[in-house]
Amino acid sequence: MDTQQQYGDEARPVLEAPDIARVLTRIAHEIVERAKGADDVVLLGIPTRGVFLARRLAEKLESITGTKIPVGSLDITMYRDDLRLKPARAIGRTEIPGDGIDGRLVVLVDDVLFSGRTIRAALDALGDIGRPRAVQLAVLVDRGHRELPIRADYVGKNLPTSLRETVKVQLAEEDGRDTVLLGSRPSA
Amino acid sequence: MMRHLISAADLTRDDAVLILDTAEEMARVADRPIRKLPTLRGRTICNLFFEDSTRTRISFEAAEKRLSADVINFTAKGSSVSKGESLKDTAQTLEAMGVDAVVIRHSASGAPYRLATSGWIDAPVVNAGDGTHQHPTQALLDAFTMRRRLVGRDAGLGRDLTGKRITLVGDVLHSRVARSNVDLLHTLGAEVTLVAPPTLVPVGVETWPCEISYDLDRVLPKSDAVMMLRVQRERMNAAFFPTEREYSRRYGLDGDRMAKMPEHAIVMHPGPMVRGMEITAEVADSDRCTVVEQVANGVSIRMAVLYLLLGGNDSAVTHTRTEENK
Amino acid sequence: MSKILIRGAQVLGGEVQDVLVDGETIEQVGTDLSAEGATVIEAQGQVLLPGLVDLHTHLREPGREDSETVLTGTRAAASGGYTAVFAMANTHPVADTAGVVEQVYRLGKESGYCDVQPVGAVTVGLEGKKLAELGAMHDSAAGVTVFSDDGKCVDDAVIMRRALEYVKAFGGVVAQHAQEPRLTEGAQMNEGIVSAELGLGGWPAVAEESIIARDVLLAEHVGSRVHICHLSTAGSVEIVRWAKSRGIDVTAEVTPHHLLLTDELVRTYDPVYKVNPPLRTEKDVLALREALADGTIDIVATDHAPHPHEDKDCEWAAAAMGMVGLETALSVVQQTMVETGLLDWAGVADRMSFAPARIGRAKGHGRPVSAGEPANLTLVDPAYRGVVDPADFASRSRNTPYEGRELPGRVTHTFLRGRATVVDGKLA
């Protein structure tokens, strides 16, 4: 992936690796607090980077609570509302932990919350898989510009942006380093 | 860029692997409480069957319904003799009703190609078997079954069948399954051997990317998968072989022959099987025989093909895979 | 009828000469002929040939007037430079009686575009079982000399032997459609590499060659002559070459499409390439060209086979076999034989006029371009280059394999006994 080309020279980091680690720790504590111990929490990351964030959150939750937290992935490609606007895309992995999600508190994890359409699709996908007790949403960055009545329960950083700007999350597992970049779209 | 799936020979290695990987995800849908995806909601697919094949039609129908497409079944019974106009007219009539894709089965080789290229209709065409030409979704589901068994369900993702030795046995001459499999397996890096009596090997086979043998017993110990092709009993009336018994003795797979195969090797059959002819009940019912799996895998493969051809505004096949931006 | 002076044409592609036509005959051939009282056709750079003769045409009338009639077929023939065509017998009803051949003969006379010489069926209903009344057809007004079950093979060796013997009485000839029926059951295309891949039923070369081999031996045995229709394989060429070297009285024809097209085209599954015998391989095409050049194959015959659009606008297996050819034959021969240096224009005159007229005993056709001969003439502009557009055809059918293909040469004028049937490339 050619970041420089895609995000221009002006792309600047708004979160660095230590920031990311810190906000994930904070979110983990918030989850434990709100879920009163996180006993029935299942973390489902949305591919690609939401899955890595979910795994990191699970580790942190485990170190806080001392119990194993089920973590999986939920691909939403087949539930997107813009399928017919773009070429068909390769679908990602959906991996539901062994005990399923029925009656559990599912925390969806994604890197960036933007229009809310991805989360809408994720809620539809969840409905076909089981019936959680409740569903919450954790995101690393909330950049605003919602197009649906959706909000995050846990936010790493609120990042007011213009629609001309781009937000790119890079994670070590996929991109070799942890950072969140704010850039501008190359003008047409 | 590909809009249709007419021949397994049209698929690149990356296309084929993408289809297999996608099918692997589709297979997971079968394990969920709600075995349905909303992906093709509002799209209408017509299964245009000019040749009886309940199995293939049901498999496509299951795939279409799991993707939430609306399904129209058109079955022209015994119309292998029907005049050509009926194909053109039928297809145009269906398109006028608003069909987004046509899955076609026809007794005439080349009918799907004709439908896709003649300008009769605009809709994408998926070949569900044409004459003795091609049956690409069968080859894909066979390759999918082989990859799962010989490479591994998860380990296989993103991988092909490089180095796997696949043997196809039986009526190659009249088999669209054989043609499709030879093309696709070669693309996926497998080494293919065809075994048949010389009467059932087509003249001109020498350019196919495979080996030819008339001796099943010599090939079996070097096979990772052995696919038995159906042999119609009527063929012996046209002197392709003397008797059913002689055919079975020389080219049928029984328990003794199966024992000559490596331990990990599997037995495949595209169905419907002619038990006692090309395969004995002992082999057909053994753990090494993947016939039932192949049927289940057929639905996953067809879901994958339909999704990749129809799931976007444009076919995904032969597009380079691009990273998604949020 | 007035005089016509064709000025400055290369006669048979050779010497530049003037040709003066008076009435139905050629009055004079020479240089600087007087144009007095004559319509002058400036033909500089063009080639003057004797009117072409097609030994193998399907005019479809009676029975399939939706694909061609004697009138539309002869108009197509004139456009292609022909002054005589032999109309095949596989009409409905079959031309197996004096009545049917006389009807076709009369329709040809009425059309006025070219002479139509009916071919009589060898067997009743083309069924290969019982000899048709060959003598009666010969004695009829149509004067049939060529007999053929074309479309079907006279596969019964005894029937074939009898037919060969029987027609000796009146100098007839049997034109055999060489196709062993059992070997070609369900055949859809040439059997080989392409058929194996496409899954289309194979039409093996041996099915043609075995019949030709049998028939030349039969002709030798009974001392008759035999003509081989649309020979299509390299192996057939070898057999005919051998037969001629033995002195067997065999003649053979090749179609223009077998001189140019190969079975690779079938990969399109477009039935416009479906024909019987099927398109063969590159190796066969080259052998056929060579055989036509060295005289092993005597003539080019079109096997003009019109079919209505719906019979070709369908899947391969359901489609009819055959191609129209009258209006493109000379261009294809120019491209494949003249421009490759295999044949000069005199050779073309022989293969497309002199020899077919001789084989079919067509009176007044295939005559030299010289004083006193009937004025059956064809003027060709060999420098012309054009893309084939079936919409321009005079034939009622459009099933040409050359649509969109650039072919050389154009017939500018055709004269049937001194009367122009084509003027400046247009039907008169």
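Predicted model: local features only at pLDDT ≥ 70, side-chain atom pairs only at ≥ 80, totals over all residues.
Trainee: Which residues touch the most other members of the largest nonpolar core?

Mentor: This core holds 292 residues. In soluble globular proteins, nonpolar side chains tend to be buried together. The residues that touch the most other members are Leu43(A), Leu57(A), Val102(B), Ala143(B), Val226(B), Leu48(C) and Phe147(C).

Trainee: Which helix gives the largest share of this core?

Mentor: The share in question amounts to 10 residues. They come from residues 291-310 of chain B, which form helix α11.

Trainee: Which residues does Phe147(C) touch, not counting residues up to four places away in sequence?

Mentor: Phe147(C) is among the core residues that touch the most other members. Once residues up to four places away in sequence are set aside, its contacts are Val119(C), Gly120(C), Ala121(C), Val122(C), Leu134(C), Ala163(C), Val167(C), Gly172(C), Val174(C) and Ala175(C).

Trainee: How far apart are the end C-alpha atoms of helix α2 of chain A?

Mentor: Helix α2 of chain A covers residues 17-34, 18 residues in number.

Trainee: Why do the buried residues of α2(A) line one face of the helix?

Mentor: The buried residues of α2(A) are Ile20(A), Leu24(A), Ile27(A), Ala28(A) and Ile31(A). Seen down the helix axis, the buried residues line one face because they fall within an arc of 105°.

Trainee: Which exposed residues does the face of α2(A) turned away from its buried side carry?

Mentor: The buried side of α2(A) packs against elements of chain A, namely β1 (12-16), β2 (41-45), α3 (49-65), β4 (105-113), β5 (134-142) and β6 (154-158). On the face turned away from that side, the exposed residues are Pro18(A), Arg22(A) and Glu33(A).

Trainee: Which helix gives the most to the side of chain B that touches chain A?

Mentor: The contact takes 24 residues from chain B and 22 residues from chain A. On the chain B side, α1 (13-29) and α11 each supply at least two residues. With 4 residues, the helix that gives the most is α1(B).

Trainee: How many nonpolar, polar and charged residues has the side of chain B that touches chain C?

Mentor: In this contact, 22 residues of chain B meet 18 residues of chain C. Helices α3 (84-96), α4 (111-117) and α6 (176-187) of chain B each supply at least two residues to that side, and α3(B) gives the most, with 4 residues. By class, the chain B side has 7 nonpolar, 9 polar and 6 charged residues.

Methods. Residues numbered from 1 in each chain as written. Chains lettered and ligands numbered in written order. Core = buried A, V, L, I, M, F, W, Y, C linked by C-beta atoms within 7 Å. Buried ≥ 20, exposed ≤ 12 C-beta atoms within 10 Å, placed from the backbone. Contact = placed C-beta atoms within 7 Å. Expected span 1.5 Å × (residues − 1). Arc of directions from axis to C-beta. Nonpolar A, V, L, I, M, F, W, Y, C, P; charged D, E, K, R; others polar.
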